Each structure stands twice: as C-alpha cells, then as structure tokens.
Amino acid sequence: MKFFIDTANLDEIREAKSWGILSGVTTNPSLFAKTGGKLADFEAHMAKICELCEDIPVSAESTAETCEGMVEEGRRLAAIAPNIVVKLPICEASLPAAHTLALEGVRVNMTLIFSAPQALLAARAGARYISPFVGRFDDIGDDGIQQLETVVSCVKNYSYGYWEAEGGPEVITASVRTPNHVTQAALLGADIATVPFAALKKCVHHPLTDRGLESFAADWERVKNA
C-alpha cells in the first residue's frame, strides 16, 4: 500500500517525507486555511509543496463549480508543476471536466466518492485516482470499510484505457481516522491510503511497542550504570 499525507502543512510533509514512506500528498484550500493561508495564495503554496515533493503526486483541489470552470482551473493547477494532480468532487459537472483533462494528459483525483457507481463513473470518465471516503461513513453509523470493499472490488473488475501505463485508476482510501482504517484498506487491496499526519503518527505506535521501548531504555540505563 502507498501512503499519501493529507495536509497542507509543509513541516508535516517534510517530516513524513523524511521517514521514507511518502508516496504522495493530497490537500485542498480548507487544509491550507488551517495553516493560516488565504485562498489567493493557494496556488503559490501548491508550488512550494511540489518543489518539496517533486518526485511524487500532489493533489490540488479545484474550487470551481462548473465544468468549464473546473477545466480552466484544472489546466492552471496542472501548469504549476508536472506532479500536480487535479482534485475534483464527483458530480455531473466534474465528469466531463475529468474526461477533458484526461484527454489532455492531466491526472485527476475524483473525490467525495461514497458509492461504487460513483467510482465506476469516475474511472470511466478518466480519473487517475478515485477517493472513496471511509471515516464519514463511520460518522453516521455506517460501515465505511464495507463500502470501501465494494468500491475496490467493482473498480478492479475492469480496464478503462486511461492511465494503464501508470497502473491506474488507483483507489485512494480517504477520510482515514485510525490505524485500523489503514489495516482494513490494505487487506481489501486498496492502492493508497491518504492519512492526516496525526493519524499517520498513530500508525507508528502500538501500546506493546511503546512499553517495549520503555523497557529497553530502562535496561540500557542499567547497563550503562553498572
């Protein structure tokens, strides 16, 4: 499984990248706003992320609401750097926009996916990445992992013609909240998990590991002081 980080925070991206596990970045204007950024500076900030992560895909979300606007903004975002992926929300306007951009060689990450039909439509339209949300299902008492399993199974049943040379379309497990989400997504064969930095750090830890590290440190202190 590939790990993407879901953030606009440059320090978080740097640290995750230093671990040697980072395969991509997903972000949006809302995440940028959490860092204190303003919408007018979003594209300049995306350029900074792309410079930091020049060898991995960086998803930048469009704020346009029409097909024409999505195509225009998608082209502008894609021009920032070769590794930009244009993130679009699944809707009637985004399907023809994704198709147009795909034909131009622009990679699209179709997000806000909550059903297999949405995922299949996104793949058929030319999306390079398909992002079903897990945590938001859990928020309403539904089983997000079961929904993800359905999406993965349906998408992997077919070939789509787009991005085959890059192995796509790939399914990104989004709205990840816990290490268990990552575990279950990997068991189901999802290609990618995009994880907030706080949740990514939780994946590093386990109570037994932490206890073992404490014991190791105590033992080492005794050895040094013997």
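Visitor: Which residues does methionine 110 touch, leaving out those up to four places away in sequence?
Guide: Methionine 110 touches Leu88, Pro89, Ile90, Ser94, Leu95, Ala98, Ala122, Ala127, Tyr129, Ile130 and Ser131, where contact means heavy atoms within 4.5 Å. This is a predicted model, in which local features need pLDDT of at least 70 and side-chain atom pairs count only at pLDDT 80 or more, while totals for chains, interfaces and linings use all residues. Residues are numbered from 1 along each chain as its sequence is written, and side-chain values use heavy atoms, with hydrogens and water left out.

Visitor: Which members of the largest nonpolar core touch the most other members?
Guide: They are Val25, Ile84, Leu88, Met110 and Ile130, in a core of 57 residues. A nonpolar core is a set of buried Ala, Val, Leu, Ile, Met, Phe, Trp, Tyr and Cys residues joined through side-chain atoms within 4.5 Å, and buried means under 20% relative accessible area, with exposed over 50% and partly exposed in between (1.4 Å probe, protein chains only). Helix 8, residues 144-155, gives the largest share of this core, five residues; helices (H or I, at least four residues) and strands (E, at least two) are DSSP runs, numbered from the N terminus. A second, separate core has five residues, among them Phe4, Tyr129, Ile172 and Ile192.

Visitor: Okay, rings next: how many aromatic pairs are there?
Guide: The count comes to five, given that rings of Phe, Tyr and Trp (its six-membered ring) pair if their centres lie within 6.5 Å, with planes under 30 degrees apart counted as stacked, over 60 as edge-to-face and the rest as tilted. One of these is the edge-to-face pair of phenylalanine 4 and tyrosine 129, at 6.1 Å centre to centre with 70° between the planes.

Visitor: And what does that pair tie together?
Guide: Phenylalanine 4 belongs to strand 1 (residues 2-6) and tyrosine 129 to strand 6 (residues 129-132), so the pair ties together parts that are 125 residues apart in sequence.

Visitor: Are those two buried or exposed?
Guide: Phenylalanine 4 and tyrosine 129 are both buried. Arginine 128 lies over the face of tyrosine 129, at 4.6 Å from the ring centre, under a rule that asks for NZ of Lys or CZ of Arg within 6 Å of the ring centre and within 35 degrees of the ring normal. Elsewhere, ring pairs link Phe114, Phe133 and Phe137 into a cluster.

Visitor: Back to helix 8, which of its residues are buried?
Guide: The buried ones are Gly144, Ile145, Leu148, Val151, Val152 and Val155. Seen down the axis of helix 8, these residues fall within an arc of 115°, so they line one face of the helix; the arc is that of the directions from the helix axis to the C-beta atoms. They pack against helix 6 (116-125), strand 6, helix 7, strand 7 and helix 9.

Visitor: Which residues of helix 9 are buried?
Guide: In helix 9 (residues 179-188) they are His181, Val182 and Ala185. These cover an arc of only 100° around the axis, which puts them on the same side of helix 9. Just after helix 9, glycine 189 takes a positive phi of about 90°.
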